There are 2 protein chains.
Amino acid sequence: MDKIIECVPNFSEGRNPEKIENIVSAFRAQENVKLLDYSNDKDHNRMVVTAVGTPEAIKKAVIRSVGLAIQEIDLTKHRGQHPRIGAVDVIPFIPIKGITLSEANEIATEVGKQLAETYNLPVYLYEQSASASHRQNLASIRKGEFEGLIEKMKLPDWKPDFGPSDRHSSAGAVAVGARMPLIAFNVNLNTSNVEIADKIARKVRHIGGGLRYCKAMGVDLKEQNVVQVSMNLTDYTQTAVYQAVEMIRFEAKRYGVTIAGCELIGLIPLQAIVDTTAYYLGIENFSSKQILETHLWE
Amino acid sequence: MDKIIECVPNFSEGRNPEKIENIVSAFRAQENVKLLDYSNDKDHNRMVVTAVGTPEAIKKAVIRSVGLAIQEIDLTKHRGQHPRIGAVDVIPFIPIKGITLSEANEIATEVGKQLAETYNLPVYLYEQSASASHRQNLASIRKGEFEGLIEKMKLPDWKPDFGPSDRHSSAGAVAVGARMPLIAFNVNLNTSNVEIADKIARKVRHIGGGLRYCKAMGVDLKEQNVVQVSMNLTDYTQTAVYQAVEMIRFEAKRYGVTIAGCELIGLIPLQAIVDTTAYYLGIENFSSKQILETHLWE
């Protein structure tokens, strides 16, 4: 498999096991797709599927899963704590291997087009695929939710990118787009003073003048008697993990504070740990092809 | 594929392309085996195959390749610069994923037994699989080569582990064993004085009182005007890459020398770069399962 893309669609069904299994079956059944995870939440009444595979196979599985979701889910009867605009709320595509963000964007755009054609579903492109800057942020697209779509879609600013300018009577609309994999990374500090974590977070993050693809905040983990700088690195190919950690280290110095340890939440792309190893060991020309195991999936 | 083992057999044929292709075909043809590389050397008159796969599939391919090599190679007519004891000189098995060294050892022992039964070939177990300490070192087994085997095999110390106590008339004998993957790693120093590299190498390596699974020597790369500490790490699960590098760093300090950069030769197991990342970033409980791509081959 030369090219691998990840897809993490969010479906507005988190309670009925039969409906959930039916939707997930689209990913299970598809050759060259690997279903990594699916988890549903009853309060949110929502399910998140995580699947990886070749672009063509992922496209087929996603399009089929949307068809099944439209059959199974009626948004006029849907209640849950999580905001949503449709039976399928959002479909993010994430480049994993041998794929650039702009290729992932092409895939997202094609899927959006086909969803509109096949199911007469209004489609908003978001994040890297957005057709205008006010549509990049998913929260802006979701504002007003399914119930507010009828009015919102009449506004020129909110005409869908594909499909009709009326919401689908039972399935609403869907947001589709490409984004980089997120790295969720926390740095624990040897202090119980959360103000210090907060001050460091502000220096390190993009909006405070820090690293371009870094979001950060100070967090007080009172139960563990620890404070931490909690980060999301939104493009590890541009802002590396070691840059964020070393920057926190030198900012912490002015308070006489040191790093106690770090914590990786969830997954990290292989290239990010290759970059980390190459930096700290000073390895020249280190490539992920030199890792024995990478040959196993090629 | 839950369990992956690597096999790197060395065949005493490095000149005749048809014979080489015929031997290699055993690996190409086998399901669940991936042929990573094969390279032949005309001066050495020798070929090294690198293949990975499931234990059962690798066993089948190796046993078949030995049969083909016995058909193709006549050691009584073999000349080459590299020492060798047989048509197939040595068959190392290396645990890659989901396999312990002792499981690799079981696989090596089974293959040895079957080679003796199938082809009436004398088999010496070596390295981790050796039946006595004087047989661990491959160089000791090879001493005297094919030509010396007739006399050597009469000695009680050199009775083969499996098969007859006479050499195979055309195919000699074979050494089979399990070993850990080697990491070949060089550290370049900011000095042109090779004595310094040599002194550091002696402190870092096992025989000098240094790290248990580290072999090291000073090397003068005159053309590049660089000296380096050139290392083989023979068990990265016990002696980590970062330990060797940090030890070189603090030994170099006494000479006022710093590390200019490092160089990884060939392949490195994924777990070794996970360990490096976990050390330098201080990540608690970092697992290779958190790397996105590892899910692709499971």
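This is a predicted model: local features need pLDDT of at least 70, side-chain atom pairs count only at pLDDT 80 or more; totals for chains, interfaces and linings use all residues.

Student: Which residue stands opposite A:C7 in β5(A)?

Tutor: That's A:F93.

Student: What else pairs with β5(A) in the antiparallel sense over two bridges?

Tutor: Strand β2 (residues 10-11) of chain A does. There, A:N10 has A:V90 as its bridge partner. A:V90 also stands opposite A:A175 in β7(A).

Student: And do β5(A) and β7 run parallel or antiparallel?

Tutor: Parallel, with four bridges joining β5(A) to β7 (residues 174-178) of chain A.

Student: Is β5 of chain A mostly covered or exposed?

Tutor: Mostly covered: 10 of its 10 residues, 88-97, are buried.

Student: OK, new topic: charges. How many salt bridges are there over all chains?

Tutor: The count comes to 28. One of them joins A:E56 and A:K59, at 3.0 Å from N to O. Both lie in helix α2 (residues 55-72) of chain A, three residues apart, so about one turn of the helix.

Student: Why does A:K59 count as buried?

Tutor: Because its relative accessibility is 8%, and buried means under 20%.

Student: Which residues are linked with A:D89 in a network of salt bridges?

Tutor: A:R46 and A:R142.

Student: Last one: how many residues are in the largest nonpolar core?

Tutor: It has 78, and those with the most contacts inside it include A:F185 and B:M231. Among the residues B:M231 touches are B:V204, B:C214 and B:I248.

Terms used. Residues are numbered from 1 along each chain as its sequence is written. Chains are lettered from A and ligands numbered from 1 in the order in which they are written. Side-chain values use heavy atoms; hydrogens and water are left out. A nonpolar core is a set of buried Ala, Val, Leu, Ile, Met, Phe, Trp, Tyr and Cys residues joined through side-chain atoms within 4.5 Å. Buried means under 20% relative accessible area, exposed over 50%, partly exposed in between (1.4 Å probe, protein chains only). Contact means heavy atoms within 4.5 Å. Two strands pair if DSSP finds at least two bridges between them. A salt bridge is a side-chain nitrogen of Lys or Arg within 4 Å of a carboxyl oxygen of Asp or Glu. Lists of a residue's contacts leave out its neighbours within four places in sequence.
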